[in-house]
Each structure stands twice: as C-alpha cells, then as structure tokens.
Amino acid sequence: MSAHEAKECCTRCAPQYAYEEEHHHHEHEHGHIPEGFFTTPHFIGFVIGSFLFLGATLMDNAHPLRLWVFVSAYALIGGEILFLAVKNIFKGHLFDENFLMSLATVGAFSIGEYPEGVAVMFFYRMGEFFQDLAVARSKHSIGELMDIRPDFAMLISSDGEQKVSPELVEIGAHIVVRAGEKIPLDGLIMEGQSSLDTSALSGESLPKEVKTGDEVLSGSINLRGVLVVKTQKCFADSTVSKILDLVQNASAKKAKTEQFITTFARYYTPFVVVSAALLAFLPPLLFEEALLSEWFKRALVFLVVSCPCALVVSIPLSFFGGIGGASKKGILVKGGNFLEALNRVETVVFDKTGTLTQGHFDVAHVEAYEGYEAQEVLRWCALAEFYSNHPIAHSIKRAYKEPLVLDGVMHEELVGYGVSVRVGESMVLVGNQKLLRERGIEVSIVPSSHTVVYVARDGEALGHLIIEDSIKEDAKDAIQKLYALGIKRVVMLTGDNENSAQNVAQSLGIREVFAGLLPYQKVEKLESIMASSKGKTIFVGDGINDAPVLARADIGIAMGGVGSDAAIEASDVVIMNDEISKVATAISVARQTHAIVWQNIIFALGVKGVILILGALGIAGMWEAVFGDVGVALIAVLNASRVLHVKA
Ligand code: ADP
Ligand code: MG
C-alpha cells in the first residue's frame, strides 16, 4: 500500500446514536474521495510541478533555463519519493520501489533525458493518486457497511432494559449480555455464569468459563448464559476501525498471490539493480568497441522496465478493491485470502433455520397436555425464552402478547437443544424432543413438517408448540444461481427435526440433508464433506450453534441481520442483509477480482518482457521503458479499480 495511508479518512467512530433512532446516513455522501484530498500540499505541489513539466517540454532545447525548469518540476513531483528513498536507505530498506524510481530518474537526468526522468515520477505519482483514491473508496464502502450493524449495549436502567450505543454507557453502569452476543465494554460480572469465546482477543479457541466476580473483556462473545456486567472502562475502539485494520493490514489474511508478490519483490528488486549495474559496466570493460554511455543508457532502460511496481501496487489493490466492491453489495469480506478462496469453491453447505428460512417463526398451534391451558403453556414458554436470542425465542415472545414480568431468572442456553431456565421456584425446559429426553421426560413425536417446541416444568411435559418458518424468498433462486456458477454440491445441515428439514430441502432442490445435529455433529459432518470434496467448502449459517462450523469451513459465511454475534465473529464473510443469493454474488466478485489480478500479471509481464528484449537490442529507448514501467503500473491500477464497480 502507499506511503500515506489516508488513515484519517475512515477511522470514523460510530456516531453517537440512540439505537432505536432511524439510522442516519453519513454527511460526506459524495465523499468517496477523502476530505481535503485536493488541498493537501502534496497534491498542490504535484499540480504545479505538472504545469512546469508541461512548460519545460515546450521550451526550446537550447534554452539556458530548460534544465532548471525540469529540475524544479522533478523536485515538486518526485522530491518526496527521492526523500523517502534516502530515508529508507538509512533505515536499512535499501531496495524498495522509491529507491528504484529515484535511481532510474536520477540516471535519466545524468544522461540528459530530462523529460523521461520527470515523466517516470509523474506517472508514478498519478498511479499513487488513483491507488489512494481506490483505497479510500474501498474503506468508505466497508465503513458504510459496518454502520448497518452498529455495536450496542443493553443498559439496565430504572425503566427496564434499553438498547444504546456503547459510547453512551458510563463507567459503573450495569448492562445485560445475552447468549450469542458480544460483550460491548470491559467490566465485572455481577450476575450469571457462562462460557466466553475469547478467540478474537487472545486467539485461544477453547471457551473460557466465567462466573460472578470475574472480569470480562469487550470483544469476547457470550456463548451460554445471561450475564449482568458492571462496566469498568469506556468504549474505546469501534468495530469499524478494527475490521478495517484486519482487512487491510493483517498479513495472515492476505491473499496468497498478494503475499507472493511482496516476497517476490523483496528478492527481485536487488537482482534487477545488480543486473542493471552489470549491464552498464561489464560490456565496456570486456569489449573494446562497447561505449559506456551507450550501455549505461541500455542499463537504465532495463532498470526502469524491470521495476515490479505494477504488480506490487495493483495486486493488493485488486484484492482490497474486490473487498470494497463486495461491501457495496452488502457483503463484508474479512480478508483477501477469503476472496481468493471463494474463487475455488466446489461445495456449499447451508444451515437451515435463519439461513435458508427467515427465522421469523409464527406460532401456528399451541397444544396443551391434559390438565393445562394453552395460554398457560405459552406463558411458561415465553418466560423461559425471555433471555434467549434464538429466532424461535423471539417468535414465542411475540406470540405471547402480554407483558412479561420476571424476577431472578437463571437462564441457560443449551445450544442445539433449547433453554433451561429457573423461573421463581420452577425449572422450565423449552426445546426439542432431544432436550426433554435427555432430562428423562418422555414425549411422543409430533408428526409435523414444521418445528416442534416442547415445554416441561419440574420434570413434567406441559405441551408443545408448532411453529412455522417461511423459506426466504430468494432462497430457491440463490441455489439455482450456485449450480449455474458451477458449484458441484449443495448440502443442508440442521439442528431441527428430520421432517421440517426434508420439507425445506425438497422445495429448494437440495438433495443432501442431515437433520437433528448438535453443534459438534455439524462440525463432524462438515469435516467429512470437506474430506470428500476437492475444492473449497463454504458453510453458511447464522446461529451460536453454527460458530464452530463457520470457523472450521474454508470460508464461513454468516448472516449479518438475524445472525448472532458469535456467528459473525467466527465467520470470514458476512452477508449484511441476510439475502442468501449474496453467496453467489460473493463468488462472482471473487472471480472477477481473480480475473483482474491475472489480467494485470499477464499484461505487466508481457509488456515488460517485450520492452526488455527490444531494450537489450537497443531498439526500445527510455520512453518505451517509461511506458513499460509506470505506464503499465498506471493501467494496472486503473484496471484494479474496476473491481470496485463489478456487476454481479
Ligand atoms: P438450525 O441448525 O436449523 O439453525 P438450531 O441449531 O438453531 O437450528 O436449533 C436446533 C433446534 O434446537 C431447533 O430446531 C429447536 O428445536 C431447538 N432450539 C434451539 N434453541 C432453542 C430455543 N431458544 N428455544 C426453543 N428451541 C430451541
Ligand atoms: Mg440457524
């Protein structure tokens, strides 16, 4: 990336908002270009230098001031590069692109080729500007995307719970963190116990057990119970800046092609410099008739053409641009490596609830067993689900229209099963048949192609609910699109019952289905699927129960809307608006990025190769070399910027 990273442009802190308010748009709507971009001394110097350059080329060759006008133009346009090159030599980075540029241009001046010398710097800086612009645009798109799902804190106040921006929470306030949610602020656990996923902070993948009195750090994910946390620190850095940093800087997340080019340049540049030196001095030493001035010129042509800038600059830019382009379509890709992997996908594995289906259930039927009332069954259900974030829980709370009052609920989320909750004096279980059977309560299987939720209190079944979920509108289309893109296998894994799973799979044309899976079984199934397919495997999911599978898959894609923080954190790609067809879009963007990267590689190497040969034969001169280096780099950068605007 370029020297000036335009850090100020997008490390925007999330605006101060009350969560319920209409989410407002950013003021700098037009501002894909960072503010003040055209008024920096850099840019003004560049413009003045360019005019001087133009003036100088129009001057008579014999004009006494001609050299000095070129030198001033050079200083204004490329002075900084020269300065950086010298500075970096003292830092021990001898052979970077600044050094190459400086060496080539000073060399050009030394043999009287002033226009060529300035032109190299001119086009190089043009390339840099376009690159900065593309980077800023990508950052802008990513930043805008992140605003869709702002961080929040559930503040406990005198009138109940209130969803607020974490920035508004004072030290010492009490907040509630439900299962699947991210802890928004550092603090002390006042109530509850749970396991936390701290992998985002420590890289430690085993969950950490915590209880009342323990300290918790923001960014960890609550996996099980409900926690009441007393905050100890203010909100420091927003997810936006963290994500941007991750996407742009984490070397582990860089695409292999990108890493390769950087390493390649490190060895290649010294090689070019040494070869150019040999080319300049060896022939005149060995052969009587070889003129130093002629070979020096050829060496300079060689040096300029061989500069790897076009690749060093355009390849990372293509990946970052691809990430920006995906962001514009509502897809957050957390690194170039995932974009690269998306290109070789063979298998797509889907979770069902909340992923292929909307996760907005309607309670279609309440069955009360002997001795109980339907409304009573529903009430116990709603009470038990009070602290759950599962889509099923939300729909049950919606169906029970009356306000819920509860005190001292001990809640435990049994991922893949349901919930186990102490309400007053009673122990209430709400979940699937597996859950009740595990607790020694026998219920008969309800034949239904929908999801069945059982309720038990103190070891006795009270009844069951039948809840219906509808398939996402674009799901069928999305699966067709995947097949059209050449995806070989589409599989569904779900924790729900066999009937409802088959029902959904059949209407979507998915042939491979595995139902009734617990989170660890989902991982096992995924592993066996991955073992039997050659290409990369995507897993698409939304729930806490999907987090381990999302992490295990080659590419984990989470639903940003209905999805839990746990799933979003564990994933590599997030679809912000939950549209399943975006999986195909992501693959298309990845393929176009891949195509552009390879266009640039072939184009750059091809042009350079030809000019090198012509240069060695003495046919191509300095102008061809300038084109072969900075001209090609500029074209490559412009080509790379196209990925920001890909249609998919
Ligand atoms: P999927 O894998 O299809 O996304 P989940 O793993 O989220 O489904 O849930 C699996 C099953 O576990 C659900 O179909 C439901 O029976 C049960 N379950 C999980 N959480 C809850 C809850 N909070 N309330 C009731 N049932 C639940
Ligand atoms: Mg799910």
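Start with Leu342: leaving out residues up to four places away in sequence, this side of the model has Leu342 touching Ile538, Ile555, Ala586, Ile587 and Ala590. Everything here comes from a predicted model. The chain runs to 648 residues, and 54% of them count as buried. Here's what turns up, topic by topic.

**Cores**

- Leu342 is one of the residues with the most contacts inside the largest nonpolar core, alongside Met101, Val348, Phe350, Ile538, Val540 and Val583.
- That core holds 131 residues, and the element that gives the most to it is helix H5 (residues 114–147), with 13 residues.
- Apart from it there's another core, made of 22 residues, with Phe361, Ile392, Val421 and Val423 among them.

**Overall build**

- The chain has 22 helices and 22 strands.
- Taken along the principal axes, its C-alpha atoms fill a box of roughly 110 × 50 × 35 Å.
- Looking at contacts between residues at least 6 apart in sequence, 68% join residues at least 24 apart.

**H5 against H22**

- H5 packs with helix H22 (residues 622–641) at an angle of about 5°, and the two axes are 9 Å apart.
- The two helices, H5 and H22, are therefore roughly parallel to each other.
- On the H5 side, the contact is made by Pro115, Glu116, Ala119, Val120, Phe123, Tyr124, Met126, Gly127, Phe130, Gln131 and Ala134.
- H22 answers with Met622, Trp623, Val626, Val630, Leu634, Val637, Leu638 and Ser641.
- If you go from Asp132 to Lys208, you cover 76 residues in sequence and 42 Å in space, C-alpha to C-alpha.

**The magnesium site**

- Three residues coordinate the magnesium ion (ligand 2): Asp351 (OD), Thr353 (O) and Asp542 (OD), at 2.1 to 2.3 Å.
- The spacing of these donor residues in sequence reads D-x1-T-x188-D.
- Asp351 sits in strand S11 (residues 345–351) and Asp542 in the loop between strand S20 (536–541) and helix H19 (547–552), so the pair ties together parts that are 191 residues apart in sequence.
- Both of those aspartates, Asp351 and Asp542, are buried.

- Asn343 has its place in the loop between helix H11 (336–342) and S11.
- With a relative accessible area of 16%, Asn343 is buried.
- Not counting residues up to four places away in sequence, Asn343 touches Ala590, Arg591 and His594.
- Ala590 also shows up in the list for Leu342.

**H14 and its cover**

- Helix H14 (residues 391–399) has these buried residues: Pro391, Ile392, Ala393, Ser395, Ile396 and Lys397.
- Their cover includes strand S12 (362–368), helix H13 (374–384), strand S16 (451–457) and strand S17 (460–468).
- Ile392 of that set is also among the residues of the 22-residue core.

**Gln433**

- Gln433 lies in helix H15 (residues 433–438).
- Its relative accessibility is 16%, so Gln433 counts as buried.
- Leaving aside residues up to four places away in sequence, Gln433 touches Val443, Ile445 and Tyr454.

- For context, most residues other than glycine have a negative phi.
- Asp458 lies in the loop between S16 and S17, and at 48% relative accessibility it counts as partly exposed.
- Asp578 also has a positive phi, near 70°.
- You'll find Asp578 in the loop between strand S22 (573–575) and helix H21 (582–616).
- Asp578 counts as buried, at 12% relative accessibility.

How values were computed:
Residues are numbered from 1 along each chain as its sequence is written. Chains are lettered from A and ligands numbered from 1 in the order in which they are written. This is a predicted model: local features need pLDDT of at least 70, side-chain atom pairs count only at pLDDT 80 or more; totals for chains, interfaces and linings use all residues. Side-chain values use heavy atoms; hydrogens and water are left out. A nonpolar core is a set of buried Ala, Val, Leu, Ile, Met, Phe, Trp, Tyr and Cys residues joined through side-chain atoms within 4.5 Å. Buried means under 20% relative accessible area, exposed over 50%, partly exposed in between (1.4 Å probe, protein chains only). Helices (H or I, at least four residues) and strands (E, at least two) are DSSP runs, numbered from the N terminus. Contact means heavy atoms within 4.5 Å. Axes are lines fitted to C-alpha atoms, for helices over the stretch in contact, and angles run from 0 to 180 degrees between N-to-C directions. Angles under 35 degrees count as roughly parallel, over 145 as roughly antiparallel, 65 to 115 as roughly perpendicular and the rest as oblique. Donors are N, O and S atoms within 2.8 Å of the metal (3.2 Å for Na, K and Ca); water is not among the atoms, so sites may look incomplete.
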